[in-house]
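Q: I have a structure to go through for class. Can we take it piece by piece?

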Amino acid sequence: MSTIEAHFHLSLGSFELKLELQLPASGFSVIAGSSGSGKTLLMRCIAGLERPQFAYCKVKDTVWEDSLRGDYLATYQRPLGYVFQESCLFPHLTVQQNIDYGRQRIRLKAVREIEAVIELLNIGQLLKRYPAKLSGGEKQRVAIARALAVEPQLLLMDEPLAALDQAHKYEILPYLRRLQTELQLPVIYITHSPQEMTQLADHVVLMEQGKVRASGELQAVLTRLDLPLAQSQRASSVFTVEVSAYDAEFQLLYLQFSGGVLTVPHMSLPKGSQVRLQIYARDVSLHSQPPMALEAFNSLPAQVLAMLDQAVGYTTVSLQVGRELLLAQITRKTASLLQLAVGQYIYAEIKTAAILS
Amino acid sequence: MLGAEDWTAIFLSLKLAGLTTVLLLLIAIPLAWHLAQTQGWWKTPLNALVALPLVLPPTVLGFYLLILLGPKGWIGQMMQAVGLETLPFSFNGLLLASMLYSLPFVVQPIQAVFSSFDKRLLEAAMTLGAHPLDAFLTVVLPLSKQGFLTATVLGFAHTIGEFGVVLMIGGNISGETRVVSVQLYNHVEAMNYQAAHGLAALLVLFSFAVLLSLYYLNRGK
């Protein structure tokens, strides 16, 4: 599988960025971490906007930067798209001219029709306007279109939703998900919103003080008990399930995966479609016995993989359910009553689950 | 009311101010960008140096130029050594002096817009495949229009109004260095007050019109 390699060592005053990162060259890689952890700096290094003391950056088969060999592509020579936190549209150009700006400068002949991107982001009616006449959400959609118009081999997005209010966030999220499914384009996406991460990420990189704390598939990072994500009040696990049936009378969706079948109240979805399911750890309870047949909804056999005591009387348990990983947050008393131990087989009851896509 | 000599002086002033402004703009763009971007130790001294003509009596500037550029000055001697005519009491000398004299009026407004320019727009242009120079020409310059307008108007008007420098380095040669302000001085010296009135009134009108248009331009932004 082709990859993106990013090795940087950069000292800026008292801050030091030092990491060796390998990311899949497909899907969404989300970079998370508190502010000041070096997320933006890492992205700027990848784009060539910073000149680290040591740098090695390779995207698929092309080396963008190798400071040991003196290889360096300037930012304008790198086939990338960059979406800034503030849209950074050119105020003296119309939306159409903003989109054309990069397009007129790419050396390779345009392959994809720009119309598809304009339609994907639903900005056709805005083309003649100037940025000052756009709402925050519209600006960001145009900025994304402008970055996509140069047909990049890598799309970098630095908290593209951070400057937007909640309503506008919900306006953009669906477009980002369509990006993921319709364009075969690797995306590196910075956020500190757990919500955006669980909705979008395939791969997650957790940063801390200029270093990589963890890097791996979303599910693996979410369920690692030694990381802050699993220790928080809103710890959750995410996995993909397939729609197998719909009960119209009770409006229940039947979702199938390697660990069994779950039911979730939801509107109807086409049979066979894949959806992402998020289950909060505190919505999972554990039982030593299989449930009575009549109540046997959403109770799945599971095996305990690891346990970690949290603050004030709680224990977080990571479980294997089929091929997926599930987190449960139970009281320490329950854990003691169940005599919970690593390797033990038990039953996990999922009280509620949210469909993300 | 205005005589042939007056018109010669007016056209000379316009030619001098026009050339001075155009040449200064060309110099001011890289200089102002450098001053706006650099963090080097030389930033503050260079800023002070650029601002010097604002506070210096024009005669001081003219005096030193005369010494430097004259046949005994080291620049004057160098010019003579390569077979060039010395600059004092010529239009070219006046042009050079005017450029020094009006430098801060052109550099400072441009530096002000460059300093407040959002650098992320430049970076955005580079991520869209624009060479830094290309990005500068297509993003920075169009968005700094206001500063250029102010610089052009101030540089032009200030050059029209110079007097002390002209007397020192230019002298009083008709069609070569006798600009409007000097012509006015000549009229007064000759007690020809009626002719002086004509030129003086014209300069008042001109200056007022310039400032008026400048304030309208700035208000309209």
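A: Start with one term: a residue is buried if its relative accessible area is under 20%. Keep in mind that this is a predicted model.

Q: OK. Are A:Arg44 and A:Glu50 buried or exposed?
A: A:Arg44 and A:Glu50 are both buried. Their side chains meet in a salt bridge, 2.8 Å from N to O.

Q: Which residue of chain B forms a salt bridge with A:Arg44?
A: That is B:Glu123, and the closest N and O atoms are 2.8 Å apart. A:Arg44 lies in helix 1 of chain A and B:Glu123 in helix 6 of chain B, so this pair joins two chains. B:Glu123 is buried, as is A:Arg44.

Q: How many salt bridges are there over all chains?
A: The whole structure has twelve. One of them is between the side chains of B:Arg178 and B:Glu5, at 2.5 Å from N to O. This pair links distant parts of the chain, 173 residues apart: B:Arg178 is in the loop between helix 9 and helix 10 of chain B, and B:Glu5 is in helix 1 of chain B. B:Arg178 is buried at 18% relative accessible area, while B:Glu5 is partly exposed at 37%.

Q: Different topic. How many disulfides does the structure hold?
A: Zero, over all chains.

Q: Now strand 9 of chain A. Which strands pair with it?
A: Strand 3 of chain A pairs with strand 9 in the parallel sense, over four bridges. Strand 8 of chain A also runs parallel to strand 9, joined by four bridges. A:Tyr189 is the bridge partner of A:Val30, and A:Met157 stands opposite A:Tyr189 too.

Q: What about the faces of strand 9?
A: Both are covered. A:Val187 and A:Tyr189 are buried on one side, and A:Ile188 and A:Ile190 on the other. In a regular strand, side chains alternate between the two faces of the sheet.

Q: What do strand 8, helix 5 and strand 9 of chain A make?
A: They make a right-handed β-α-β unit.

Q: Last one: where is A:Lys60?
A: A:Lys60 is in the loop between strand 4 and strand 5 of chain A. It is partly exposed, at 28% relative accessible area. Among the residues A:Lys60 touches are A:Ser2, A:Gln153 and A:Pro186.

Key: Residues numbered from 1 in each chain as written. Chains lettered and ligands numbered in written order. Predicted model: local features only at pLDDT ≥ 70, side-chain atom pairs only at ≥ 80, totals over all residues. Heavy atoms only, no water. Buried < 20%, exposed > 50% of the residue type's maximum accessible area, 1.4 Å probe, protein only. Pairing = 2+ DSSP bridges. Right-handed = clockwise from strand over helix to strand, strands pointing away. Contact = heavy atoms within 4.5 Å. Disulfide = S-S within 2.5 Å. Salt bridge = Lys/Arg side-chain N within 4 Å of Asp/Glu carboxyl O. Lists of a residue's contacts leave out its neighbours within four places in sequence.
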